[in-house]
Amino acid sequence: MESNKRTDKIEVNLGEIFGLLLHRMWMILLAGFICGAVGFIYSNFFITPQYQSTTKVYILNKQNSTSVTYSDVQLSTTLSKDYEQLVTSRYVIEGVIKQLSLNETYESLVGRVSAVNTNDTRIIAITVTDPSAEQAQKIANAVRDLAAQHITQVMDIEAVNVVDSANLPTAPVSPSITKWTLVGIVIGIIVSIIIIIVRYLLDDTIKSSEDIEKYLGISTLALIPMNHAEDQNSDRRKSSHNNGNVMKGLNDAKSKIFKS
């Protein structure tokens, strides 16, 4: 019996919470709209757009100068991780900074350069991220050229061939204004729902006779209605009485002045 009562209570509470959320739906939607607008404005006006330019190189280690064997292909694929590390080495990155006269350090630039061996192929994709599209293209090409020289020297391979030159990006990759707006809307809705539910759970005031029976276990015999009209008339009578006293005091003061 106790478990059934508890289950009924939970169902009633969940129903009340659901009804409260429906009643406050305008507030929830308003909070979502405001937070979404904040996310849109912040991503559109306060975050610097970032552009990405990618260039690709083909690396093949030849053991035989006349033909490419299967072992050459396997070895090149195995060494692809080494090539990725060489692309972002200090020698290459600092060489690019010096060549392009960039006003930044190795740590700041290497964080915006990535080298990835896609799908275990012999192709290395070098990607550079920068606030300027033209600068991203220049840096990507410079990294590719210096990395090709460095790889041929360190790994003692024949050549590093260019598959794709660095592209000139036409649109930023970040920030995503749509993503920021949607995240803002979701955050606004979730936060408003949490606030409404918490305020409901913390509100222990008695609002009806059902609340008295539910929380105090006391049956109500009768309800005394509040006559708001009577209260308003009483307030008006008090106000008019006070105003009359004030006017009487002013008249008495005037009469004394004239007599004097």
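Visitor: What share of the contacts in the protein between residues at least 6 apart in sequence join residues at least 24 apart?

Guide: The share is 69%, where a contact means heavy atoms within 4.5 Å. This is a predicted model, in which local features need pLDDT of at least 70 and side-chain atom pairs count only at pLDDT 80 or more, while totals for chains, interfaces and linings use all residues. Residues are numbered from 1 along each chain as its sequence is written, and side-chain values use heavy atoms, with hydrogens and water left out.

Visitor: How many helices and strands are there in the protein?

Guide: There are 10 helices and four strands, and along the sequence they follow the pattern α-α-β-α-α-α-α-β-β-α-β-α-α-α. Both are DSSP runs numbered from the N terminus: helices are H or I with at least four residues, strands are E with at least two.

Visitor: Why is Ser192 called buried?

Guide: Buried means under 20% relative accessible area, exposed means over 50%, and partly exposed lies in between, with a 1.4 Å probe and protein chains only. Ser192 has 7% relative accessibility, so Ser192 counts as buried. Its place is in helix α8. Of the 260 residues of the protein, 26% count as buried.

Visitor: Which residues does Ser192 touch, not counting residues up to four places away in sequence?

Guide: Ser192 touches Ile28 and Ala31. Leu30, in helix α2, is 162 residues from Ser192 in sequence, with 9.3 Å between their C-alpha atoms. Leu30 has a relative accessible area of 43% and is therefore partly exposed.

Visitor: What makes Thr88 buried?

Guide: Thr88 has a relative accessibility of 18%, so Thr88 counts as buried. Thr88 is placed in the loop between α4 (80-87) and α5. Apart from neighbours within four places in sequence, Thr88 is in contact with Ile93, Tyr106, Val110 and Val113. The C-alpha atoms of Thr88 and Arg112 are separated by 10.0 Å, and these residues are 24 apart along the chain.

Visitor: How do you know that the charged end of Arg90 sits over the ring of Tyr106?

Guide: The rule asks for NZ of Lys or CZ of Arg within 6 Å of the ring centre and within 35 degrees of the ring normal. The charged end of Arg90 sits over the ring of Tyr106, at 4.1 Å from its centre.

Visitor: Why is the pair of Tyr42 and Phe46 called stacked?

Guide: Rings of Phe, Tyr and Trp (its six-membered ring) pair if their centres lie within 6.5 Å; planes under 30 degrees apart are stacked, over 60 edge-to-face, and the rest tilted. By this rule there are two aromatic pairs. The centres of Tyr42 and Phe46 are 6.1 Å apart and their planes stand at 15°, so this pair is stacked. The other partner of Tyr42 is Trp180, in a tilted pair with 5.3 Å centre to centre and 50° between the planes. Tyr42 in helix α2 (residues 25-45) and Trp180 in helix α8 are 138 residues apart, and their pair links distant parts of the chain. Ring pairs link Tyr42, Phe46 and Trp180 into a cluster.

Visitor: Is Phe46 buried or exposed?

Guide: Phe46 has a relative accessible area of 62% and is therefore exposed. Tyr42, at 40%, counts as partly exposed, as does Trp180 at 37%.

Visitor: What is worth noting about the phi of Ser101?

Guide: Most residues other than glycine have a negative phi, and most peptide bonds are trans. Ser101 has a positive phi of about 55° although it is not a glycine. Ser101 lies in the loop between α5 (90-100) and α6 (106-110), and its relative accessibility of 64% is why it counts as exposed.

Visitor: Is the peptide bond from Ser174 to Pro175 cis or trans?

Guide: That bond is cis, with omega near 0°. Pro175 lies in the loop between β4 (160-164) and α8 (177-202).
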